Structure formats: C-alpha cells, structure tokens
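Subject: Structure handover

Hello,

Please find the structure below, followed by notes on what turned up in it.

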Amino acid sequence: MRTRIILLGSTGSIGNSALEVARRYPDRFEIVGLAACSNVEGLKRQCAEFRPRSAAIVDETLAPDVTARALEVEKVYRGSEGAQALVVEEEADIVLAAMVGAAGLSPVLAAIRSGKRVALANKEPLVSAGALIMSEARRMGVPVLPVDSEHSAIFQCIQGQQSEEIYQIHLTASGGPFYQRDRASMSGISPDEAANHPTWDMGRKISVDSATLMNKGLEIIEAMWLFDVALDKIGVVIHPQSIIHSMVEFTDGGILAHLGPTDMKFPIQYALTWPERVRAPMARLDLTTMPPLTFAKPDFSEFPCLRLAMDAAHRGGGAPAILNAANETAVEAFCEGRLPFLQISEVVEAALDQVESPHEVTFDTIMEADAAGRRFARTFIDQAGVRV
Ligand code: MG
C-alpha cells in the first residue's frame with residue numbers, strides 16, 4: 001500500500017520540495033490531494049503530473065476559473081474553507097501542512113480530528129495554538145511529525161528517549177543574513193536583502209522571519225509543544241554554517257547532534273517515511289571538506305524579536321497568537337514597502353503590550369486573539385507608515 005498524501009501549500013517552497021520527494025518514490029507515495037493558495041497555473045501543472053483525486057484553491061477571487069475539469073481532478077474545493085474540506089473528505093494517511101501563517105490552523109486541526117497523521121512544516125498554527133493542537137493529537141492518537149529542519153533534527157535525536165531524559169534542547173540558528181550587523185546599520189534594509197538567506201533557500205515570509213530572528217523565536221515555541229518541554233530547557237545557539245540542524249543534551253551529559261546538507265527534502269522525506277529511513281539520491285555531507293563548525297551566543301539586543309517570542313511563550317495563553325498575528329501583519333507590510341525593517345519588532349512589541357490576551361486556549365479564543373493582534377498591528381502600521 002502506498003502512503004496517501006494530502007499536500008497543503010503545494011505550490012510554495014516546501015510544497016515543491018515535497019513533490020520532488022514524491023516524484024522519486026512513485027511506488028511508495030501517492031498524492032491524493034493538492035491545495036494551493038493562489039497559484040492556479042502551478043496547481044494545474046502539479047495536477048497534470050501527480051493526478052490527485054481532489055484539489056483546492058484557497059483564494060476566493062480565483063475560484064471561478066478553477067473547475068474540476070480544468071484541473072483534471074474528480075473534485076475541486078474553493079475558498080478559505082476549501083483546504084479544510086479537502087482534508088476532511090479525502091481519504092489519506094498523512095497531511096503535509098506547508099501553508100504559510102496561522103491560516104493553517106483550521107486545516108491542521110481538521111486533519112488531526114479526522115485521524116490523519118500530520119507532517120507539519122507550517123509552524124504558525126503550533127505557535128498560536130500549540131496547546132490545542134497537541135491535546136487534540138493526543139486525544140486522537142495522531143502523531144504530529146516535524147518538517148521544520150531544526151525540529152526534524154531534534155525529533156531524530158530523541159527517537160527511543162523519554163522527554164524527562166532531555167536536559168536541554170540546543171536549537172541552532174544561522175543568524176540570518178544580518179548576523180553580526182549592528183542595529184543602526186539595518187535601518188534601510190529592503191525586502192530583497194532580507195529574503196536573501198545565506199544558507200537556506202526559502203519562501204519570503206520565513207526568510208524575513210529569519211532575518212529578524214523571529215523565526216528562531218517561533219521555533220522555540222514550536223519545540224515546546226512538539227517535544228513537551230519547558231521554555232527554560234530550550235536554548236538558541238548561533239551556528240552560521242547550518243550543518244548541525246539542532247542538538248539535544250540529555251540528563252547524563254551526552255549531546256546528540258543531527259548533521260546534514262541544507263536541503264528541506266531531508267526533513268520532508270523523514271516525516272513522510274517515519275519511522276523508516278529510505279535511501280535517498282541526495283547530496284551528502286563530506287566531513288573532511290566542510291567548513292569548521294562554530295557556535296556563538298545570540299545577541300538579544302540586536303534582534304529583539306527573539307526576546308519578544310520568548311516573552312510571549314512565558315506569558316502563555318493567547319500571547320503567542322498575538323505575537324504571531326502582529327508579526328505576520330508586520331512582515332507583510334515590510335514586504336510591501338509600508339514598514340521599515342527595524343519597525344517589525346516595534347509592531348510586535350506594541351501588540352504584545354497592548355492587546356488583551358485570553359488566558360484559556362480554545363479555537364475561538366485563539367481566533368479572536370489572532371484577529372485582535374492583526375487589527376492592532378494594521379492600525380499601528382498605518383500610523384507608523386508616515387515615518388517610512
Ligand atoms: Mg527552521
């Protein structure tokens with residue numbers, strides 16, 4: 001029996017890498033559903049090649065052109081509820097969630113509630129509603145498998161270990177394109193500069209998050225939930241070569257590290273084949289020619305987003321959802337040239353301080369906190385915009 005895969009966010013960076021993995025193993029994987037946000041042409045090409053039974057296009061404005069006939073699928077789903085409906089109705093073994101942002105929350109919950117394994121590349125739902133996602137996953141007995149490279153590394157290091165045997169998780173960070181630059185020199189950074197990551201080739205939102213180090217902050221929260229560890233057991237270490245993808249230090253003093261080339265196809269393949277490992281025709285690390293591995297402490301004063309994310313994690317409740325919503329709104333404004341780079345953290349900080357956070361984490365409280373965070377951030381940016 002082939003593993004039946006639903007891929008959400010199929011035309012993005014992770015989606016394309018996932019389809020490359022699927023293309024390699026036609027005897028092993030079957031793509032049964034594809035969902036894209038707005039890239040209709042890309043979705044058409046993917047449907048023609050992988051022949052899924054169903055497809056979804058999330059952008060409502062494009063819906064009229066997207067028919068089952070045009071995509072050559074049996075069923076087509078449309079609009080913001082489309083991905084969720086596809087996940088519920090299509091039979092599958094695993095849902096690979098590679099959408100961008102907290103919009104992935106509903107489809108991820110729908111996958112878990114319909115008893116499907118989840119491979120999670122989309123970190124924002126876990127940041128916003130980690131308590132809810134993980135409790136639903138436990139209730140349904142559904143594994144949530146990390147695709148984020150650091151979390152895949154950690155997951156691989158803890159196979160066969162108990163969570164109480166973890167002493168410290170060392171999340172590695174490349175430092176992003178502006179590592180070792182002082183804050184004053186970052187004021188005129190353009191979206192293109194911020195998206196030019198030194199070691200990873202990624203989508204725009206995550207690239208900007210990597211430049212502000214918000215990505216690492218979101219990853220701390222993601223790790224708390226995925227591995228059921230307290231905030232104080234997760235540290236960040238700057239490792240500019242991105243060869244070690246993260247490390248786990250155990251209570252007996254031993255540290256296990258995961259090393260590999262910087263290629264997202266590795267963690268994607270591991271999540272899809274777990275608990276097995278499958279031989280891959282991928283580039284391999286040459287230990288004798290790789291650069292020396294170096295490690296440094298992150299500088300919280302140059303990259304306030306890291307501190308803000310830890311602060312939100314510490315506050316708990318709806319605070320991480322507000323942090324995430326304000327950050328998504330600020331990054332979008334930055335990419336559209338409406339907000340200077342250094343003000344991304346200011347928007348997030350103001351939202352965390354001024355938007356009221358619910359104590360209880362339910363789907364409704366998180367959706368409300370998310371909406372309130374976005375509203376606040378939009379208003380704040382409109383006022384800050386004059387300073388651009
Ligand atoms: Mg990562």
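Phe155, Tyr270 and Trp274 form one aromatic cluster. This is a predicted model, in which local features need pLDDT of at least 70 and side-chain atom pairs count only at pLDDT 80 or more, while totals for chains, interfaces and linings use all residues. Residues are numbered from 1 along each chain as its sequence is written, and side-chain values use heavy atoms, with hydrogens and water left out.

Aromatic pairs

The search of the whole structure gave six aromatic pairs. Rings of Phe, Tyr and Trp (its six-membered ring) pair if their centres lie within 6.5 Å; planes under 30 degrees apart count as stacked, over 60 as edge-to-face and the rest as tilted. One of the pairs is Phe155 with Trp274, which is tilted, at 5.7 Å centre to centre and 45° between the planes. Phe155 belongs to helix 7 and Trp274 to the loop between helix 11 (265-273) and helix 12 (304-315), so this pair ties together parts 119 residues apart in sequence. Helices (H or I, at least four residues) and strands (E, at least two) are DSSP runs, numbered from the N terminus. Phe155 counts as buried at 13% relative accessibility, whereas Trp274 is partly exposed at 24%. For these labels, buried means under 20% relative accessible area, exposed over 50%, and partly exposed in between (1.4 Å probe, protein chains only).

Phe376 and Phe380 are stacked, because their ring centres are 5.9 Å apart and their planes stand at 25°. Both residues lie in helix 15, four residues apart, which is about one turn of the helix. Phe376 is buried, with 18% relative accessibility.

Magnesium site

The magnesium ion has as its protein donors Asp148 (OD), Glu150 (OE) and Glu219 (OE), at 2.0 to 2.2 Å. Donors are N, O and S atoms within 2.8 Å of the metal (3.2 Å for Na, K and Ca); water is not among the atoms, so sites may look incomplete. Along the chain the donors of the magnesium ion follow the spacing D-x1-E-x68-E. Asp148 sits in the loop between strand 7 (144-146) and helix 7 (149-157), and Glu219 in helix 10 (residues 214-227), so the two link distant parts of the chain, 71 residues apart. Asp148 is buried at 7% relative accessibility, and Glu219 is buried at 0%.

Salt bridges

A network of salt bridges links Lys123, Asp148, Glu150, Lys216 and Glu219. A salt bridge here is a side-chain nitrogen of Lys or Arg within 4 Å of a carboxyl oxygen of Asp or Glu. The structure holds 26 salt bridges.

Arg4 and Glu91 form one of them, at 3.4 Å from N to O. Glu91 is exposed, with a relative accessible area of 57%.

Arg374 takes part in a salt bridge with Glu328, at 3.1 Å from N to O. That pair links distant parts of the chain, with Arg374 in helix 15 (residues 363-384) and Glu328 in helix 13 (residues 319-335), 46 residues apart. Arg374 also forms a salt bridge with Asp370, where the closest N and O atoms are 2.7 Å apart. Arg374 and Asp370 share helix 15 and are four residues apart, about one turn of the helix. Glu328 is buried at 13% relative accessibility, as is Asp370 at 11%.

Four strands form an open sheet in the order 9-8-10-11, with mixed pairing. Two strands pair if DSSP finds at least two bridges between them. Strand 9 (234-238) and strand 11 (255-259) are at the edges with a single partner strand each, so one side of each has no neighbour in the sheet. Strand 10 (residues 244-250) and strand 11 run antiparallel and are joined by five bridges. Ile244 has Leu259 as its bridge partner in strand 11.

Helix 7 packs on the sheet, touching strand 8 (166-173), strand 10 and strand 11, and its direction makes about 40° with that of strand 10. Contact means heavy atoms within 4.5 Å. Axes are lines fitted to C-alpha atoms, for helices over the stretch in contact, and angles run from 0 to 180 degrees between N-to-C directions. Helix 10 lies across strand 8 and strand 9 and runs at about 150° to strand 8.

Regards
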